[in-house]
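Here is a short note for someone opening this structure for the first time.

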Amino acid sequence: MKSFSELKKNLKRNFSGLKSIKVALLGDTATQFLQQALRGTGYDYGYDLQIFEADFNQIERQVFDPSSELYEFKPEIVIIFQSTHKLNSKYSKLKPDYYGSFADTQLEIISNIRTTISSNLNAKIIFYNFPEIDDSVFGNYANKTEISFLFQLRKLNYQLMVFASQNPDFYICDLSSIQNQFSKSVVFQTSIYINTEMVLSIDILPEVAAKTLDTIGAMNGRVRKCLIIDLDNTMWGGIIGDDGLENIQLGTLGIGKAFTELQYWIKKLKNRGVILAICSKNTESIAKEPFEKHPDMVLHLDDIAVFVANWENKVDNIKKIQSTLNIGFDSMVFLDDNPFERNIVRENIAGIVVPELPVDPADYLEYLYTLNLFDTVSYSNEDTERTKQYQTEAKRLVEQSVFVNEGDFLKSLNMLSLVEPFNNFNTPRVAQLSQRSNQFNLRTVRYTEADIEKLSKSDKSHTLSFTLEDKFGDNGLICVVILEKESTDVLFIDTWFMSCRVLKRGMENFVLNTLVAIAKENGFKYLKGEYIPTPKNEMVKNHYLNLGFISENDNNVWLLDVNNYSPKKNFINTK
Amino acid sequence: MEKIDVLKKVNAVFIDVLDNEDIVLTYETTADDVEDWDSLNHIQLVVAIEKLFKTRFTSQEIQSWKNVGEMLDCIISKGV
């Protein structure tokens, strides 16, 4: 990780061309260094953070005064940094009768702050939780005494998690876990606190900024979706081809424990929705043997979406995995114990994340914990189904090769789509797809759960979600369209994105038929579409052209006359 | 370590932290003489100097120096 000094040097670099994000930073201690660290780190993440830093200790004034600079600035993200030191001094000033309700009172203030911000701004809130200060007034007994500061502090941190889980626009940046990892003596330096009123040490600033940017990045689609894992000496100890099934190291004894615990971690990622792929230099049947037969294997073949074991080079194999999964290289992480393989992959595949695994396998897991590789801003039940969906996709590919005529193949799939406006049930998935879709995304406007909720209540917009299932399985919700009334004649396609795993099924035609029907029903004459190019969405550059839209003065803006439209052929039926 | 050697090392820290190759410190140099040496950057300089000499200043020491010479005396008093 870069030092604070190096981050400051980033501030002099050229930010033009980077995605600009407006961020407000409100703190109850001095935040100048944090502001610099955030902007400097933002540069390395590819963002031009436009930061409004409120004057010292102005959280309440900025939030509760409707004419404040905060609201004038109109940030997309509001970072709120209340320090444990200020929390401690608030607690210390209380009459003892109020100690026991301290956490509840503080949460209520935070809740008021959130409500006020979200009624004045369309912004997400990132709130730093509280690193612990043990004031040692009760010693161990603090854990047994509700009125102790430590009790109230931990209660507040817990209540913040509950609060965040109930409020889609409120995110926690886990400062407390940073302090657990680095220790309080690293996070906090008294001389700096005394002289500047800053509670973060110079050394910890880059860590705090990175953790903050992980969340900002995830809000903007920067998420890792796939973990590609090597086998020998990464997944288990030893070499399966040489040592044989009985002699590889796994289980509860010695170094085997390190590999087993790593596998449990990988399994949890899979359960969370991260796709697993294997990329190993091995004979395939030998590589699969432990998955099928070893009693101590935690991961099994049905946990793995794509299994590639052969003697080709890993760069080509990872490209093969990428083309099967149809996701960007920058959403992939590659784990391999061999520095040579790591370097080849890193040098030849731009964007892929290749952690520099420590030499000792005992250190793998602790090291991976520190990297925060899989931060996210959404989670839905569908995530857990993802591996199955990719496995069925592999089956479909096999079957497709049997049909000569594409139409026959599509017909044989018996495809059904459920078309619904946004509702409470599909909102989390719609928001998630909005964060994650990069390739098939016409305008790449990102919506959070809170945005989606607002849209579904707006009478100016039509919201549509599409699922797709076929005889092989259910792909779940795979496409989203948001229509905005632009004028009495024109209905504008504000958003159209689709999961790449349903490409080439005629879904575009099915969706367009639906859109035209809605436009007609509501008396519009034209559907208007726009393509906003990004580094990733070239695949839909000619989307509207291919669907028969006419270009309006060659500006990536397209029009379709809905009264002269004949429905497009497809093999999808409405569910 | 001789004071003049400490000066050379501290000078290098200033060049790095303030990102300015032209800084030439003397014992008499004060914050007013160096561009960007404000109270915030002062803290960053102090932390970098602490790291280099593997020592810690007290919070009072940090605010007490009137010029570079006094800062150097303080560093030397730590037994570096």
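1. Start with two helices of chain A. Helix α2 (residues 32-45) of chain A packs against helix α11 (residues 205-219) of chain A at an angle of about 55°, and their axes are 9 Å apart. The model is a predicted one, and the angle here is a computed value. α2(A) and α11(A) are therefore oblique to each other, and α2(A) passes α11(A) in a right-handed crossing.

2. Which residues of α2(A) meet α11(A)? On the α2(A) side they are A:F33, A:L34, A:A37, A:L38, A:T41, A:G42 and A:Y45. The residues they meet in α11(A) are A:L205, A:P206, A:V208, A:A209, A:A210, A:T212, A:L213 and A:G217. Sorted by class, this contact between α2(A) and α11(A) has 11 nonpolar residues, four polar and no charged ones.

3. α11(A) also has a contact with helix α8 (residues 175-182) of chain A. The axes of α8(A) and α11(A) come within 10 Å and cross at roughly 140°. An angle over 145 degrees would count as roughly antiparallel; α8(A) and α11(A) are therefore oblique to each other. The crossing of α8(A) past α11(A) is right-handed.

4. In this second contact, A:L175, A:I178 and A:F182 of α8(A) meet A:E207, A:V208 and A:K211 of α11(A). Four of the residues in the contact of α8(A) with α11(A) are nonpolar, none is polar and two are charged. A:V208 is listed in the contact with α2(A) and also in the contact with α8(A).

5. Taken as a whole, chain A has 23 helices and 18 strands. Its radius of gyration is 26 Å, close to the 25 Å that the globule rule gives for 575 residues, so chain A is as compact as a globular protein of that length. Along the principal axes, the C-alpha atoms of chain A fill a box of roughly 75 × 70 × 45 Å.

6. The domain assignment divides chain A into domain 1 (4-219), domain 2 (226-371) and domain 3 (394-574). Between the C-alpha centres of domain 2 of chain A and domain 3 of chain A there are 36 Å.

7. Chain B holds four helices and zero strands, and from the N terminus on its elements run α-α-α-α. The radius of gyration of chain B is 11 Å, close to the 12 Å that the globule rule gives for 80 residues, so chain B is as compact as a globular protein of that length. The box filled by the C-alpha atoms of chain B, taken along the principal axes, is roughly 30 × 25 × 20 Å.

8. Within chain B, the axes of helix α1 (residues 3-17) of chain B and helix α4 (residues 68-77) of chain B come within 10 Å and cross at roughly 110°. α1(B) and α4(B) are therefore roughly perpendicular to each other. B:K3, B:V6, B:L7 and B:V10 in α1(B) meet B:L72, B:I75 and B:I76 in α4(B). By class, the contact of α1(B) with α4(B) has six nonpolar residues, no polar ones and one charged.

9. How many residues does each chain give to the contact between them? Chain A gives 10 residues and chain B gives 12 residues. On the side of chain A that touches chain B, the elements with two or more residues are α1 (4-10) and α10 (190-196) of chain A. α10(A) supplies the largest share of that side, six residues. The residues on this side of chain A comprise three nonpolar, six polar and one charged.

Methods
Residues numbered from 1 in each chain as written. Chains lettered and ligands numbered in written order. Predicted model: local features only at pLDDT ≥ 70, side-chain atom pairs only at ≥ 80, totals over all residues. Axes fitted to C-alpha atoms, helices over the stretch in contact; angles between N-to-C directions. Parallel < 35°, antiparallel > 145°, perpendicular 65-115°, else oblique. Left-handed = near helix turned anticlockwise from the far one by under 90°. Contact = placed C-beta atoms within 7 Å. Nonpolar A, V, L, I, M, F, W, Y, C, P; charged D, E, K, R; others polar. Domains from an automatic or database assignment. Rg over C-alpha atoms; globule rule 2.2 N^0.38 Å.
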